[in-house]
Amino acid sequence: GLTTIYVTHDQEEALAISDKIIVMNNAVIAQEGSPKDLYSHPKTRFVANFVGDANIIKATINNKKDNHYNISFGEINLTLTSDFSLKNYVSVAVRPEAITIESSKVSNSISATIVKASYVGNHYQYTVSSSLGELYLVSEDIKNYFKLNEIVYLTFKENGLNILSG
């Protein structure tokens, strides 16, 4: 029942202790909401990168019905929902944990090359080069890991992808 305002630049700390967060950009409110809402549904590139890590990719809108967008990027086709009214192209925030890495080609995947691999205890962090540019991803699979210059295939989970306002 106590209201407290806490100002911090430590995003992880803000997510951990807050019920509601207000993200400011140049003295203007960029977005406000619960920690989960800001992380899962950022509205802008700024918020997506401020609250956690995000890969920002461009996607083509194939068709739209109500608030469902059928989009494609690379060889990937997905349907995402958004309340924004967008045409032709969208920017999509892709969280690192929403990218799955495989050793062999699977449907609805793109190929990539490992350019950086780091073991950090309970997961691996990878940077890959792909037709979408460089992407940062994390994998909890510490038994089956990938090495520098290895060709891999990426798929994308819809949970962890979010259409941005512009």
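Here, buried means under 20% relative accessible area, exposed over 50%, and partly exposed in between (1.4 Å probe, protein chains only). This is a predicted model, with local features needing pLDDT of at least 70, side-chain atom pairs counted only at pLDDT 80 or more, and totals for chains, interfaces and linings using all residues. Residues are numbered from 1 along each chain as its sequence is written, and side-chain values use heavy atoms, with hydrogens and water left out.

**View A. Asparagine 88 has a positive phi of about 70 degrees, although it is not a glycine.** You'll find asparagine 88 in the loop between strand E5 (76-81) and strand E6 (89-94); strands are DSSP runs of at least two residues (E), helices of at least four (H or I), numbered from the N terminus. Asparagine 88 counts as exposed because its relative accessibility is 54%.

**View B. Asparagine 108 also has a positive phi, near 60 degrees.** Look for asparagine 108 in the loop between strand E7 (99-102) and strand E8 (110-119). With a relative accessible area of 32%, asparagine 108 is partly exposed.

**View C. Here's the largest pocket, with a volume of about 750 Å³.** Of its 22 lining residues, Tyr6, Ser18, Lys20, Ile21 and Ile22 are the closest to the centre. A pocket is an open set of points on a 1 Å grid over the protein atoms alone, where a 1.4 Å probe fits, with protein on both sides within 12 Å along at least five of seven lines; lining residues have an atom within 4 Å of a point. Volume is the space filled by probe spheres set on the points, which are joined across faces, edges and corners. Helix H1 (11-17) and strand E1 (21-25) each supply at least two lining residues.
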